[in-house]
Amino acid sequence: MSGLGIGRFAADLPDAGEFVTLGEGDTPLVDLPVLARRLGLARLSAKMESQNPTGSYKDRVAALSVSLARQQGRNGWIASSSGNAGLAMAAYGARAGLRGFLCLVASAPVEKRLPVLPYGVELIGVDGVGDGSTAAAIDALVKQLRMASERYDLFLGITAHAFNPDGMRGIDTIGYELAEQAPDLSHLYVPAGGGGLLAAVTRGLRARGMRARTIACQPSGCAPIVAFLDGAIATPAIDRCESGISALQIPDPPDGDLAAQAVISTQGWGTAVGDDAILAAQRMLAEVEGLFVEPAAAATLAGLVADVERGRVAPDSRPVLVLSGAGWKDLGRIAAATSDLPVVAATEVAHHIGTWFDGRNGQSSS
């Protein structure tokens with residue numbers, strides 16, 4: 001760890017003056033040996049973007065965006081978010097002393113909404129841009145934000161190349177780090193919502209001379225980039241989202257074309273998987289490898305599982321999963337399980353341990 005955050009790559013990024021940092025970047029690359037064996041792969045690893053200060057890769061965007069906003073003398077920042085970007089911008093904005101206004105997806109998990117509150121950001125919820133989102137609603141919101149950005153001289157912190165190209169360059173640093181950590185990387189599995197993460201990581205890898213294939217992973221209920229890559233639609237956009245996977249509910253991704261071209265340039269492909277498969281992959285990562293990530297991040301493992309089953313990934317390949325966000329950001333899906341927690345008297349604990357242990361080992365309790 002350099003302690004410089006993404007600022008250690010300043011020479012490869014837009015000039016932002018003095019970097020605002022909370023220690024983002026330099027996230028670990030963790031081997032997944034049990035999953036590798038299950039999938040018949042020689043090696044499998046995960047890039048742990050969940051280890052960034054606010055729990056997602058969006059810290060890299062926020063660090064550069066807020067640095068640029070401060071250098072440009074802006075009055076503050078505005079952004080829209082399903083949760084991750086909003087929390088990142090709030091934290092880095094506070095660090096820089098810049099006030100912010102955040103439009104948060106109204107249907108975003110409460111775990112993504114609550115952590116924003118301590119930062120003193122002006123916060124509103126917006127309908128129509130999360131569950132059941134439509135391209136028209138998202139477009140209307142973006143137009144409102146762009147007008148406000150110009151009128152009040154606020155930095156537009158939307159995490160998409162289409163609106164914040166310089167800030168998005170912060171994500172290139174994932175590619176720079178992977179080139180150091182996994183020079184034999186063969187396949188990079190990336191969750192794709194707006195498409196910006198995929199495009200930027202691929203760009204970072206190519207800048208370091210890496211030739212890994214990039215695979216776009218999307219839920220089948222909202223997979224415009226995958227459908228375009230498969231030749232099913234003429235442009236990477238659909239009218240409506242039918243997936244419940246937060247952060248991947250973008251029917252008309254602002255960086256869809258950019259992401260698709262990044263995939264094509266690496267001879268990669270797109271893989272769409274159902275919500276149930278994504279949630280199963282989330283549980284698998286936690287139970288088998290001890291990694292608890294949000295469902296959007298687990299879409300990468302679900303995609304890899306599907307590709308291995310289809311014979312798309314050879315056993316001697318070296319795939320890496322980009323795990324984009326932490327599991328605590330979406331706890332609502334598993335909260336119901338706490339109601340099934342058995343409660344016993346203190347004097348009965350040993351008995352319950354014995355029942356559990358014997359059951360695990362196929363024995364009968366006496």
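Author: A residue is buried under 20% relative accessible area, exposed over 50%, and partly exposed in between, using a 1.4 Å probe and protein chains only. This is a predicted model, where local features need pLDDT of at least 70, side-chain atom pairs count only at pLDDT 80 or more, and totals for chains, interfaces and linings use all residues. Residues are numbered from 1 along each chain as its sequence is written, and side-chain values use heavy atoms, leaving out hydrogens and water.

Reader: Is Cys241 buried or exposed?

Author: The relative accessibility of Cys241 is 1%. Buried means under 20%, so Cys241 counts as buried.

Reader: How many disulfides does the structure hold?

Author: A disulfide is a pair of cysteine sulfur atoms within 2.5 Å. The sulfur of Cys222 has its closest cysteine sulfur in Cys241, 3.6 Å away, which is too far for a bond. Cys222 is itself buried, at 0% relative accessible area. The number of disulfides in the structure is zero.

Reader: Which strand holds Val190?

Author: Strands (E, at least two residues) and helices (H or I, at least four) are DSSP runs, numbered from the N terminus. Val190 is buried because its relative accessibility is 0%. With contact meaning heavy atoms within 4.5 Å, Val190 touches residues including Leu197, Ile215 and Val322, when residues up to four places away in sequence are not counted. The strand that holds Val190 spans residues 187–191 and is β7.

Reader: How many residues of helix α7 are buried?

Author: Helix α7 covers residues 172–181. Among its buried residues are Asp172, Tyr176 and Ala179. Of the 10 residues in α7, the number buried is eight.
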